[in-house]
Amino acid sequence: MKSTQHAALDTAPHARAGSKACAPLTLKPDLEAAAQRWAASFAGELIDRPPVWVTCSPAERLPNYYELVHGDIDTLIERALAFAEGTYWGGDAIPQWFLSFGPDELAAFCGGTLSWSADSPDTNWSAPFVEDWEAAFPLCLQQDHPLWQRLLTLYRRGAERMAGKMLLTPPDLHSNMDLLTAMRGPERLLMDLVDTPELVDRAMDDARAIFREIWAAVREAGRMDELGFCQNFYSMEGAAMLQCDFSCMISPAMYRRWVLPALEEEADLVRHATYHWDGPGALVHEESVFNNQGLYALSYVPGAGQGSHVEHLDLLKRMQAAGKVAHVGGTVDEIKYLHHELRHDRVVYFASVSSPDEAEALLTWLVQHT
């Protein structure tokens with residue numbers, strides 16, 4: 001289902017100069033207007049309103065992790081296309097398919113095995129497999145691993161089938177210290193940080209090389225330089241979601257030694273990086289996160305029992321004061337309230353609504369109050 005709102009936008013200099021033209025999408029006829037707003041946001045500028053990712057989705061669901069690992073590839077692609085065609089992609093939302101086998105998939109590609117539980121069918125994990133760092137070095141991507149080859153096949157066939165209609169996203173990039181956690185196990189890795197930090201240094205060097213290799217391969221298989229990059233934001237020059245959930249278990253000094261340099265390198269590679277900042281325990285690293293120049297935006301997840309973004313207004317304002325774009329989700333009323341409180345040039349809004357009319361009403365209100 002297509003968005004009907006076409007804003008009267010001029011072709012802004014920041015959207016033209018040095019930028020590649022966006023490839024048209026039949027499921028997003030107003031893509032050019034959306035691309036201009038994303039380009040303005042990346043440049044710290046504002047056109048008629050902030051970028052808004054607002055959707056109204058059909059009742060059927062996308063394939064889950066288990067189905068992506070085990071299902072027929074042609075059937076999976078057809079289901080993803082049907083979902084996109086039935087979704088209303090309002091505002092600056094871009095038709096996309098998030099291709100991922102689960103949060104520990106990178107560890108699986110390096111020699112791990114995904115495990116499943118009947119009690120949690122929509123997630124999985126990779127059983128730790130590094131017993132001794134010295135014996136495991138060098139950590140590397142196993143090019144012939146069947147899951148890695150399946151992912152590349154999904155990207156290649158998905159890009160071929162979906163070109164001109166929708167985009168593929170990068171996978172779930174639980175890289176840097178999250179990758180080592182999945183390989184070693186959190187308890188052992190925490191002890192390694194204290195007992196054998198020099199081995200963690202070597203492991204992190206390998207993890208950073210693995211990220212570079214995976215990013216290059218996925219970028220090529222998904223034809224992203226040609227078709228565009230998308231993961232709840234959009235660019236023709238590169239974009240991805242970065243994270244380190246393990247950070248809630250370590251000190252700021254450890255974060256600065258191991259995680260921050262890796263994040264800065266990853267952000268430089270992917271160009272327009274959003275940091276998935278997960279849970280209140282990770283807020284201890286606020287200073288380091290704010291000072292990371294490569295992170296364009298911060299997407300804070302309050303965590304269970306911690307309320308929605310409207311209840312974390314002070315943190316959102318601190319993000320903006322540090323020069324970051326705040327990713328903000330909520331109900332229509334919450335977004336309207338926050339719009340009165342936040343800087344309009346450093347925010348992206350996310351909302352799921354019940355109808356296209358509700359989406360268009362929100363977009364009109366935001367233009368009027370920006």
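The accessible surface of the chain comes to about 14,900 Å², and 51% of this area belongs to carbon and sulfur atoms; areas come from the Shrake-Rupley method with a 1.4 Å probe, and for residues only the protein chains shown count as cover. This is a predicted model, in which local features need pLDDT of at least 70 and side-chain atom pairs count only at pLDDT 80 or more, whereas totals for chains, interfaces and linings use all residues. Residues are numbered from 1 along each chain as its sequence is written, and side-chain values use heavy atoms, with hydrogens and water left out.

**Overall architecture**

- The chain has 16 helices and 13 strands; helices (H or I, at least four residues) and strands (E, at least two) are DSSP runs, numbered from the N terminus.
- The radius of gyration is 20 Å, close to the 21 Å that the globule rule gives for 370 residues, so the chain is as compact as a globular protein of that length. The radius is taken over C-alpha atoms, and the rule is 2.2 Å times the number of residues to the power 0.38.
- Along the principal axes, the C-alpha atoms fill a box of roughly 60 × 45 × 45 Å.

**Burial, contacts and charge**

- Of the 370 residues, 55% are buried (buried means under 20% relative accessible area, exposed over 50%, and partly exposed in between, with a 1.4 Å probe and protein chains only).
- Among contacts between residues at least 6 apart in sequence, 73% join residues at least 24 apart; contact means heavy atoms within 4.5 Å.
- The mean positions of the 29 positive and 52 negative charges are 5 Å apart. Lys and Arg count as positive and Asp and Glu as negative, while His and the chain ends are not counted; each charge is placed at NZ of Lys, CZ of Arg, CG of Asp or CD of Glu.

**The β4–β5 hairpin**

- Strands β4 (residues 114–117) and β5 (residues 120–126) pair in the antiparallel sense over 3 bridges; pairing requires that DSSP finds at least two bridges between two strands.
- A hairpin through 2 residues joins β4 to β5.
- Leu-114 stands opposite Ser-126 in β5, and Ser-115 stands opposite Trp-125 in β5.

**A buried histidine**

- His-285 is located in the loop between β10 (272–278) and α13 (286–291), and counts as buried because its relative accessibility is 1%.
- Leaving aside neighbours within four places in sequence, His-285 is in contact with Ser-247, Ile-250, Ser-251, Pro-252, Tyr-255 and Trp-277.

**Backbone exceptions**

- Most residues other than glycine have a negative phi, and most peptide bonds are trans.
- The peptide bond from Phe-137 to Pro-138 is cis, with omega near -5°; Pro-138 is in the loop between α6 (133–136) and α7 (146–162).
- Asn-176, although not a glycine, has a positive phi of about 35°. Asn-176 lies in helix α8 (residues 176–184) and is buried, with a relative accessible area of 0%.
- Arg-271, also a residue other than glycine, has a positive phi near 75°. Arg-271 is placed in the loop between α12 (252–270) and β10, and is partly exposed at a relative accessible area of 45%.
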